[in-house]
Every structure is written in structure tokens, then in C-alpha cells.
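Here are my notes for your first read-through. Keep the sequence and the structure open beside them.

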Protein chains: 2
Amino acid sequence: MRAGVFDSGAGGLTVVRSFLEHGIFDEIVYYGDTARVPYGIKDPNTIVRYGLEAIEFFNNFGIDLLVTACNTVSAYALPQMRDKSDYPIYGVIDPGVRALVNKVEDKDASILIIGTRATIDSGRYQKELESLGYGNVVAVQTGMLVPVVEEGIFSGEVLEAILSHYFSSLSMTPDAIILGCTHFPLISDAISSYFGRKPLMIHSGEAIVEYLEERGMTGRGTETRLGIFASDNVEGLRNIATEWLGADRQFIL
Amino acid sequence: MRAGVFDSGAGGLTVVRSFLEHGIFDEIVYYGDTARVPYGIKDPNTIVRYGLEAIEFFNNFGIDLLVTACNTVSAYALPQMRDKSDYPIYGVIDPGVRALVNKVEDKDASILIIGTRATIDSGRYQKELESLGYGNVVAVQTGMLVPVVEEGIFSGEVLEAILSHYFSSLSMTPDAIILGCTHFPLISDAISSYFGRKPLMIHSGEAIVEYLEERGMTGRGTETRLGIFASDNVEGLRNIATEWLGADRQFIL
């Protein structure tokens, strides 16, 4: 099976890593819109337009399904993208909610959702969880965590100061955290340390693997071949992919 | 006189503020490429392409001159943009260097240049200053300061942690700092505090005003009319403009 993975930049490689670890695809075609990253500070109309342009990109690749790894795109653009494609498209929000429901039975559990401004403003995670009866849900926009991760900072004073900036006024200590941005799995340890406990972490990559498996939308791929494409500096993105995904990776094209 | 001001986003409004304070134009047409901001993390080829697309935007407005407020565009795209326009185009790097030369006679003065990754990588400021004989010049990429300013953080622990991250290994205490990004004037006080003294700060807006005045490229504009345009969320940018530039501002269009 050949899967497409769309992201605003490099962050979606954390989803690719989950696909590789679970060996569920023969081929993965990754497209990062690095010329226009980040999306999470931009308007819904613009995000939809970018999603539709990604469909045009993937139309050349004969993919069997497309995963939009980007939470912001998943929050705003899926219906419009589905209208323009003849393959199934999966976002990461429904899978994230599903993963949480599978693991958190207590409807009074404290649930923290973190994401970009656009993702949190969409209210998508919040509405889904509330409609399922979860009564203790808080959502926080944590946009500065994106450039910090992109700077390669995964621990230390800068990160601690930013976590404190966002979370010091929270009145809860979360039982579960939805990492509503593909960058955030890279700092999940720092987030756990901040709260002084290990909350359940919902990771988009792991969630979407489970979701696709439940729907029979996976194949087998122990030697997955990977194509990396970008709208800006594709060489840089390939270097990040090699670093994050292992140097012995087979690249196609 | 009608001036165009081009920036990757909202930051160039600090340059507009200088134009308004000095009353040097009757009309200013501002275009922020908010759909693709930030530029400073992107490739030179992409930055040049965006600069050329801005020229197409301004061609409709009958401007007398164009100022690219964005240091990153000024570092990479001016020759190509000049080839495609029939009005003069000014960047902010030569004016910044000129302003420093006017104020710092001592060639051994400690000069710190801060800017985005792309601006610093271009080496433009460094080469100009070294060719003029300044022997104690250090350049630091301080990209995280951009999203921090955009989050409205102008002081406090987050900013201090980031300043310390970038500057704690510096072996100099700067006599002068070139604020090589339009966002940075908003945190010049915090930067001064960090160094425990008040270095001379070179601000792109003030520098370009002086530069244009020296060249007779200014008019008079005590009631400057301002047009604000953006590739994404123009309403949001107009709100920022109102906040930064004064609520009684006359907007055109």
C-alpha cells in the first residue's frame, strides 16, 4: 500500500515514524509545505486553500490513502479536501479522540488539549470530547512550542519557561494530555516533568496507526520505501527525515 | 509621495511607525505576506520568489518607491526585485549599516548583529561592516524572538530565558546592536536590560528614514493615509496596525 502523508512542515515525520515502527505501509510519500509553514497562526480560509493545493500535489502519486498529519489542517480542511480526491483522507483529530476514549474510562478525568492557535480555536477536540461526556476538559494554545522544537530544544530553561507561561495558571493537573500538534511528541518528556507526573499522552502518530488498523486501511511494510517532498528546501527536510527516522532509510525518488 | 512597504507579516509596521513619526509620506501602502510568514526560516530561492511576487502586488498601486522592511528580503532579493520594477526599491540593510557608521566612530567597538537564520546566514551585515573596518563584529541567529514577539511577549521569564539561550555564551558586551529584524525594536528594552547597560540600538525604521532623507526620497505627510493589505487575515493585520500606530489613523481602502 502507498500512503500519502501531508504536513505543513517537518512535524508530520513523527507520524511517519509511527508508520515505520508499526510497518503498515510499503511506500510512504511525504509532502511538507515548508515554504508556507507554519499553518497554526493562519486563517481557516488560507488553511483550506493550502489543503486543497496539497491534494493537487498528491494526485500525481497514485496513493491509496492520504493522512493529514497536521492537526490544523485536520481541524479545518478535511471535508473540502475529500470533495476533491478519489482516495480516502484521514485526519488526526478523530483518531486522537478515539485513542483517548479507548484509554480513559473515567468521564471526570482531567484532560488537557494543547495545540496551535488555529487548532484550539477550531474547538474540534473540545467539542468531540464534550459530546462524549468528558466533563473536565481544558484546551490551551501553545503555539510557541512549535518554533522551540524546530530550534532543536527538547529540554532546559527556555522550554521550562514557556511551559510555565502556558500552564502555571491551569487549575488542573492533567490525567491525560492530547498532543494536538505533530511537534509535541518530541517534548512529551519535558511536559511530563513539568507536571511532576506522567499523564497519559495521546500522540497523533500512534493514534492514527490504531485508527487505520481498526478500519483495515493498513498493509505490510517491513522495508517501507519513503519519498520526501517539500515546497521549500527539500534537501533540508530529507536531512531531518534521515536524522529522525534512521540513516539506513531507503528513499524513493 | 506614495510609498510601498513590504514585509513578510506584521513586523514591518515598526518601520511604518517611523515613517509616520517623521511625517515623510502622504500615503503608505503596506503589504504583509501573512499567508506565508515567517520568511527567516526559508530558503533564499523561496525568499526571492516571494519578493518578486510582492512586486506584482505593488505594480497596481502607482507607488513612488518601495521599502522592503523585512531584513530577510533585503538580504536576498533586492537585485532581482529591482530588475522587475520601474520605481526605486530600498532595503533596510544598507541603511542599518549607514546608521551605525554615522554613530560609531570607534572601529574596535563591539557590535552585535541579531536576526533570523536566513538574514544572519546571508552574511550581508557582517561583510558590510567588516569591509568598513569594524573588527569586533558578532552575528547571532535569534529566530525564536520572532514568535515570542508575535505572542505579545515583550518582557518576563520566557523572553529572559531565550535571551540567555542566545547570548550567555557571547564573549562580548555589545556597544551597539543591529536589530536585524523588524520585530526586535519591540523588545529593545528587554535586550538592554539583559546586557545590564544601554547599547546603541540600530532600528531599521529609524535607519531607513535617515537614509531616504539623505537621498531626497521623502515628501511631507502630517496626515499620512495608510492602506493595509495582507495575503491572509487582512482584518487581523489592520487591528494590529490600529493598536501599534494609533486608533485615530486614517485608513485608505
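Through which surface do the copies meet, and why can we say so? Read on to point 2 for the reply.

1. **Ground rules.** This is a predicted model, in which local features need pLDDT of at least 70, side-chain atom pairs count only at pLDDT 80 or more, and totals for chains, interfaces and linings use all residues. Residues are numbered from 1 along each chain as its sequence is written, while chains are lettered from A and ligands numbered from 1 in the order in which they are written.

2. **How the copies meet.** The copies meet through the same surface, because 100% of the interface residues of chain B are also interface residues in chain A. The contact uses 18 residues from chain B and 18 residues from chain A. (Two residues are in contact if their C-beta atoms, placed from the backbone, lie within 7 Å.) On the chain B side, α8 (145–150) and α9 (157–167) are the elements that give two or more residues. The most comes from α9(B), with six residues. By class, this side of chain B has seven nonpolar, five polar and six charged residues. Here Ala, Val, Leu, Ile, Met, Phe, Trp, Tyr, Cys and Pro count as nonpolar, Asp, Glu, Lys and Arg as charged, and the others, Gly among them, as polar. Helices (H or I, at least four residues) and strands (E, at least two) are DSSP runs, numbered from the N terminus.

3. **Two domains in chain A.** Domain 1 of chain A covers 2–91 + 207–245, and domain 2 covers 93–203. These bounds come from an automatic or database domain assignment. The centres of the two domains, taken over C-alpha atoms, are 22 Å apart. In the contact between them, 23 residues of domain 1 of chain A meet 23 residues of domain 2 of chain A. On the domain 1 side, α1 (13–22), α3 (71–76) and α11 (204–214) of chain A each supply at least two residues. The largest share, five residues, comes from α3(A). That side divides into twelve nonpolar, eight polar and three charged residues.

4. **The five-stranded sheet.** Chain A has an open sheet of five strands in the order β4-β3-β1-β2-β9, with parallel pairing. Two strands pair if DSSP finds at least two bridges between them. At the edges stand β4 (89–90) and β9 (225–230) of chain A, each with a single partner strand, so one side of each is left without a neighbour in the sheet. Look next at β1 (residues 2–7) of chain A: five of its six residues are buried, so this strand is largely enclosed by the rest of the structure. (A residue is buried if 20 or more other C-beta atoms lie within 10 Å of its own, exposed if 12 or fewer, and partly exposed in between; C-beta atoms are placed from the backbone.) Six bridges join β1(A) to β2 (residues 27–32) of chain A, and the two run parallel. In β2(A), A:Ala3 has A:Ile28 as its bridge partner, and A:Gly4 has A:Val29.

5. **A covered strand.** In β7 (residues 176–180) of chain A, five of five residues are buried. A:Ala176, A:Ile178 and A:Gly180 point one way, A:Ile177 and A:Leu179 the other. In a regular strand the side chains alternate between the two faces of the sheet. Five bridges pair β7(A) with β5 (residues 111–115) of chain A in the parallel sense. There, A:Leu112 stands opposite A:Ile177. Four bridges pair β7(A) with β8 (residues 200–203) of chain A, again in the parallel sense. The partner of A:Ile178 in β8(A) is A:Ile202.

6. **A two-sided helix.** Which residues of α7 (residues 124–131) of chain B are buried? They are B:Arg124, B:Tyr125 and B:Leu129. They cover an arc of only 120° around the axis, which puts them on the same side of α7(B). The arc is that of the directions from the helix axis to the C-beta atoms. On the other side, B:Lys127, B:Glu130 and B:Ser131 are exposed. Just after α7(B), B:Gly133 takes a positive phi of about 100°.
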